[in-house]
Amino acid sequence: MTAFASAVSQPMHRVSYRGGDSLVSRAWSGVTRMIRLEITDDQIIVENDAFTLPTWVVPTVVRLFELQRLREDWDSYGGVPLQDRHRDAVVRFLSSVMTDDLVRPDIVPLADGGVQLEWRRDGLDVDFVSDEELSEPTLFVTHGDDTEEFEGLNGVSYFLHELRDSLRSTEGIPA
Amino acid sequence: MTETDGDGPPEDDLSVEPDCDLYRRVPPDHWRLVGGEFEIREGAFKNFPQPERKRMSVVLGDTLDQLERDPNSILPPGREDYGVVALKAAAVRAECQRVMRSRTDEEPAHGDVYGDKPPSRRKRLVPLATWVVYPTVTSQ
């Protein structure tokens, strides 16, 4: 199976590939093709094509879609809608980290077309930021006044289990 | 003080007193309700969309007072879901920021807070801000 085929059939799984970011866009195209979204002012209709997605995927895709449709000046300070490369960074990050027993983050738009994922637990803030100021997407883990920064996915992979433990939901986990 | 983008950082305008309130609008995407309390998200303190400008718009409380205007007056018409928070000039200066007066035709009390605001700094600004106008919650 080629990387592209793998991305389309299993868009939320990591796949080996060459050629940089293009695969993420392809994977995203795969997701949006399999999830049909109809968003109007008062309803969101989601249809999957006989494909069971992790539960975090659809609300995440819907939210990212909404942020891409933000109007110009959405924050009254000249804010621009979510940009593709920041959307792709979020998809790449969540695809590597999320499992269905983890709390979903708040997905917050940033004025420059970037995006911030926010988890707030007791005494712990976890933020993933992709924006126009950072040289690359960065994870920030804050305990009290101490903040650790991890650039890119490679940095995150070294403590993935610890990160997941921190973000695991305390509700609804099977015994 | 004149605009100095591209010519180096502007000087800190010390005519803006340390206890001067710097008002900042907070759009609905940048606040959340937790246990009935409004919380500001760090995104509320991001610089202009053009990162090279390194400036965040504010409204200067001293000028607003001179104009006998209320902080409510800086809200966009019909946007009750926006809030207004205040930062003290001294507090942003302690975070390596410079305060400028930058009057515009639309907002004579306009000012800018100049300086890098990486995520860690934006996070530190959050607890320094106080709500002046709470958003109106229509549905949460």
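## A row of facing residues

A:Phe128 stands opposite A:Leu139, which sits in β6(A). This is a predicted model. A:Leu139 also has a residue facing it from β7(A): A:Phe150.

Which way do β5(A) and β6(A) run relative to each other, parallel or antiparallel? They run antiparallel, joined by 6 bridges. Another bridge partner to find is A:His143 in β6(A), which pairs with A:Leu124. β6(A) also pairs with β7(A), residues 146-151. That pairing is antiparallel too, over 6 bridges. The two strands form a hairpin with 2 residues between them. Look in the turn for A:Gly144, whose phi is positive, about 60°.

## The sheet of chain A

Now step back. The open sheet in chain A has 5 strands, in the order β3-β4-β5-β6-β7, with antiparallel pairing. Which strands stand at its edges? They are β3 and β7 of chain A. Each has a single partner strand, so one side of each has no neighbour in the sheet. On average, neighbouring strands here are turned by 20° against each other, direction ignored.

## Two helices across the strands

Helix α3 of chain A covers residues 57-68. It lies across β3 and β4 of chain A, at about 10° to β3(A). Helix α4(A) lies across β4 and β5 of chain A instead, running at about 135° to β5(A).

How far apart should the ends of α4(A) be? The helix has 14 residues, numbered 84-97. Is α4(A) mostly covered or uncovered? It is mostly covered, with 10 of its 14 residues buried. Among them are A:Ala89, A:Val90, A:Val91 and A:Leu94. Charged side chains belong to the buried set as well, including A:Arg87, A:Asp88 and A:Arg92.

## Where chain A meets chain B

The contact between the chains takes 22 residues from chain A and 15 residues from chain B. On the chain A side, the elements giving two or more residues are β3, β4 (115-121), β5 (124-130) and β6 (138-143). By class, this side has 9 nonpolar, 7 polar and 6 charged residues.

## The sheet of chain B

Chain B has an open sheet of 6 strands. Their order is β6-β7-β4-β1-β5-β8, and the pairing is antiparallel. At the edges stand β6 (98-101) and β8 (130-133) of chain B. Each has a single partner strand, so one side of each is left without a neighbour in the sheet. Neighbouring strands of this sheet are turned by 40° on average, direction ignored.

Take one pair inside it. β4(B), residues 55-60, and β7(B), residues 110-114, pair in the antiparallel sense over 5 bridges. B:Arg55 has B:Tyr114 in β7(B) as its bridge partner.

## How confident is the model?

Chain A has a mean pLDDT of 77, and 67% of its residues reach 70 or more. Which element of chain A has the lowest mean pLDDT? That is helix α1 (residues 3-9), at 47. Strand β3 (residues 106-109) of chain A has the highest, at 98.

Two stretches of chain A stay under 50: residues 1-8 and residues 14-23. Beyond four places in sequence, the model has 13 contacts for residues 1-8 and 11 for residues 14-23.

Terms used:
Residues are numbered from 1 along each chain as its sequence is written. Chains are lettered from A and ligands numbered from 1 in the order in which they are written. This is a predicted model: local features need pLDDT of at least 70, side-chain atom pairs count only at pLDDT 80 or more; totals for chains, interfaces and linings use all residues. pLDDT is the predictor's confidence in each residue, from 0 to 100. Helices (H or I, at least four residues) and strands (E, at least two) are DSSP runs, numbered from the N terminus. Two residues are in contact if their C-beta atoms, placed from the backbone, lie within 7 Å. Two strands pair if DSSP finds at least two bridges between them. Axes are lines fitted to C-alpha atoms, for helices over the stretch in contact, and angles run from 0 to 180 degrees between N-to-C directions. The expected span of a helix is 1.5 Å times one less than its number of residues. A residue is buried if 20 or more other C-beta atoms lie within 10 Å of its own, exposed if 12 or fewer, and partly exposed in between; C-beta atoms are placed from the backbone.
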